[in-house]
Amino acid sequence: MSQPSLRHRLSSLIGSEQAVSDLRSYFGTGPLDEAVPFTFTGRRFEHLAGGGDRQAVANVVTADDLIAVQTLSVRVPAEVALDLLEGDLGVRLSELLSSVRFDIDMADAEAADLAEGSPAHTAWRVLCDRPGIGWVTAGKILARKRPRLLPVYDQVVRCLLGRPASFWLDLHGALRADDRALHRDLTALRQAAGLPATVSALRVCDVVLWMHHRTDHRKRSCTGT
């Protein structure tokens, strides 16, 4: 029996009764009798220092960005951080980011904007090639700079979704299917959870998936690989 499509698997998880509750718990937006104390530092990922995609800094990796990715439980090695802030790596990444739109949602982008060889994918490769920067950290840095276009993606979510062949492209296809129905569902879920519009549809999706599987991931010793 074939696996359900990514579109249908995401719709099922996003449409679950638990999704709104998990979002409120993560971001601390629930009623006082329901809200969990601010346990999840990732609630500040997109908003720290005004966000990584604000126009003044959209094409530059800043110290604020490096702190922001730490809220998602990853750390950029000191030498790489210095290179991003003051060295050739920062210059190269800025050149690539200048060709990646910061004002567009993944659902409205073209596949070519995300495919291998695109500036976004090249930036991810450039980061992955640096010592101590794996695919998870590279993705989180880019999600900080382009939160509407590029998703946070880690071992927990990859494990839950069964390791999609090309997550960016597979997610892009799922978001655009049926006249962007999944994207609309995510923005409606964001509103239901009381989150601001500055939390992207991609981030809503990531948090719902991560919250759904994080406990089982630890209990089962899932590898996520």
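Tyr 26, Phe 27, Phe 40 and Trp 210 are tied into a cluster by ring pairs (rings of Phe, Tyr and Trp, its six-membered ring, pair if their centres lie within 6.5 Å). The whole structure holds 6 aromatic pairs. Keep in mind that this is a predicted model, where local features need pLDDT of at least 70, side-chain atom pairs count only at pLDDT 80 or more, and totals for chains, interfaces and linings use all residues. Residues are numbered from 1 along each chain as its sequence is written, and side-chain values use heavy atoms, with hydrogens and water left out.

**Rings around Tyr 153**
- Trp 135 and Tyr 153 have ring centres 5.5 Å apart and planes at 55°, so they make a tilted pair (under 30 degrees is stacked, over 60 edge-to-face, the rest tilted).
- Trp 135 sits in helix α7 (residues 135-145) and Tyr 153 in the loop between α7 and α8 (155-161), 18 residues apart; helices are DSSP runs (H or I, at least four residues), numbered from the N terminus.
- Tyr 153 and Phe 167 are stacked, because their planes are at 5°, with centres 3.8 Å apart.
- Phe 167 belongs to helix α9 (residues 167-192), 14 residues from Tyr 153.

**Burial**
- Tyr 153 and Phe 167 are both buried, while Trp 135 is partly exposed at 25% relative accessible area (buried is under 20%, exposed over 50%, partly exposed in between, with a 1.4 Å probe and protein chains only).

**Where α9 meets α10**
- Helix α10 (residues 201-219) packs against α9 at about 80°, with axes 9 Å apart (axes are lines fitted to C-alpha atoms over the stretch in contact, and angles run from 0 to 180 degrees between N-to-C directions).
- That makes the two helices, α9 and α10, roughly perpendicular (65 to 115 degrees; under 35 is roughly parallel, over 145 roughly antiparallel, the rest oblique).
- Residues in contact (heavy atoms within 4.5 Å) include Leu 171 and His 183 in α9, and Ala 201 and Val 208 in α10.
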